[in-house]
Amino acid sequence: MSTDQQPDPGDRPARLTVGVVGAGRVGPALAASLQLAGHRPVAVSGVSDVSRRRAEAMLPDVPLVPPAEVLRRADLVLLTVPDDALPGLVTGLAETGAVRPGQLLVHTSGRYGAKVLDPALRAGALPLALHPAMTFTGTPVDVQRLAGCSFGVTAPEELRLAAEALVIEMGGEPEWISEENRPLYHAALALGANHLVTLVAQSMELLRTAGVEAPDRMLGPLLGAALDNALRSGDAALTGPVARGDAGTVAAHVTELRRHAPQAVDGYLAMARATADRALAHGLLKPELAEDLLGVLATSANRAGGKAGPAGTDGTEGNPR
């Protein structure tokens, strides 16, 4: 058996120096992933103590410097700041001369395409929008989750191959999103992923109120099967009282929610109505049962609207919207 040691990935010659502006949950994970592919992180910027500690944990020995210094040191710069902060950051970097001609400037916002980088483009930068369709924890597990993760890719046509190559090097799967479809793409992901967290958290709270000691253990198999069925079968996977047209059960649900979790009533009614519409359109909900069900939903919605106070669905104190 050969005793030759495999080469350390860190010993490979780096092809690009990498910088990160915004050490939130995303930037350090992407930089660490690019490091595994042979690139070399050289600088990172972060504002809060939490972001600085995260950068030090995910990218040890990479210096923390101001954003302009990150751009001075790096060939490839990851702009991983919140969506609302991105346009101002790009404009500021371009106006202060921090952007270098030929520099790859990559943002990870789902909302924006490549045009938000136009100020940097005019300064000679090469603009790429690479959005990982993944939720991040800010821990090393994020690097592992990038394997097989889809990225929404938007870039000028002449940079398309470069953008897709970077995604593949990070272990991801590139999915081309046109500039005009970028907001819709992001809305779809938010609807499916962000709202899912809210729904699951509410469900766990209600189960605890109902006396379930381990709601996570109860929900895990159920939600896993529901997600798998939905991805495989779409609307044909719909089940439950709304899809069956059990108006009495839905009315009982609303009554209990008003009593124990009034802040959840509006969300339940909105999702029930959306589910009923889809079930009816796909022939799962019988029209003769839909009438009573939709009547219950309408009556419940009117009651909520008529009694709504500033703090909650029916005048009781609830979570702010």
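This is a tour of a predicted model, stop by stop, with what to select and what is found there.

**Before starting**

Residues are numbered from 1 along each chain as its sequence is written. Because the model is predicted, local features need pLDDT of at least 70 and side-chain atom pairs count only at pLDDT 80 or more, while totals for chains, interfaces and linings use all residues; side-chain values use heavy atoms, with hydrogens and water left out.

**Whole chain**

The C-alpha trace spans about 65 × 60 × 40 Å along its principal axes.

Switch to a surface. The accessible surface is about 17700 Å², and carbon and sulfur atoms hold 56% of that (Shrake-Rupley method, 1.4 Å probe; for residues, only the protein chains shown count as cover). Of the 321 residues, 39% count as buried. Buried means under 20% relative accessible area, exposed means over 50%, and partly exposed is in between (1.4 Å probe, protein chains only).

Among contacts in the chain between residues at least 6 apart in sequence, 60% join residues at least 24 apart; a contact means heavy atoms within 4.5 Å.

**The largest nonpolar core**

Select Leu34, Leu59, Leu76, Leu78, Leu128, Leu130 and Phe151. These residues have the most contacts inside the largest nonpolar core, which has 31 residues. Such a core is a set of buried Ala, Val, Leu, Ile, Met, Phe, Trp, Tyr and Cys residues joined through side-chain atoms within 4.5 Å. In soluble globular proteins, nonpolar side chains tend to be buried together.

Next, colour the elements that give two or more residues to this core: β1, α1 (27-36), α2 (49-58), β3 (76-79), β4 (104-107), β5 (126-132), β6 (150-154) and α7. Helix α1 gives the most, with 5 residues.

Stay on Leu78. Leaving aside neighbours within four places in sequence, Leu78 is in contact with Val18, Gly19, Val20, Val21, Gly27, Leu30, Ala31, Leu34 and Val106. A second, separate core has 22 residues, including Val42, Leu71, Val77 and Ala120.

**Gly19**

Move to Gly19, in strand β1. Gly19 is buried, with a relative accessible area of 0%. Not counting residues up to four places away in sequence, Gly19 touches Ala43, Val70, Ala74, Leu76, Val77 and Leu78. Draw a C-alpha to C-alpha distance from Gly19 to Pro67: the two are 9.0 Å apart in space and 48 residues apart in sequence.

**Salt bridges**

A salt bridge here is a side-chain nitrogen of Lys or Arg within 4 Å of a carboxyl oxygen of Asp or Glu. The count comes to 10 salt bridges.

Select Glu169 and Arg15. They form a salt bridge, with the closest N and O atoms 2.5 Å apart. Glu169 lies in helix α7 (residues 160-169) and Arg15 in the segment before β1 (17-21), so the pair ties together parts that are 154 residues apart in sequence. Glu169 is partly exposed at 26% relative accessible area, and Arg15 is partly exposed at 47%.

Select Asp246 and Arg244. Their closest N and O atoms are 2.9 Å apart in a salt bridge. Asp246 is partly exposed, at 27% relative accessible area; Arg244 is also partly exposed, at 48%.

Select Arg273 and Asp277. This salt bridge has its closest N and O atoms 3.2 Å apart. Both residues lie in helix α12 (residues 265-281), 4 residues apart, about one turn of the helix. Arg273 counts as partly exposed at 40% relative accessibility, and Asp277 likewise at 37%. Elsewhere, salt bridges that share partners join Glu69, Arg72 and Arg73 into one network.

**A charge over a ring**

Select Arg160 and Trp176. Arg160 lies over the face of Trp176, at 4.2 Å from the ring centre (NZ of Lys or CZ of Arg within 6 Å of the ring centre and within 35 degrees of the ring normal).

**Last stops**

Asp61 is in the loop between α2 and α3 (67-73). Its phi is near 75°, a positive value in a residue other than glycine. Asp61 counts as exposed at 84% relative accessibility.

Finish at Asp292, in helix α13 (residues 287-307). Asp292 is exposed, with a relative accessible area of 52%. The C-alpha atoms of Asp292 and Met170 are separated by 52 Å, at 122 residues apart along the chain.
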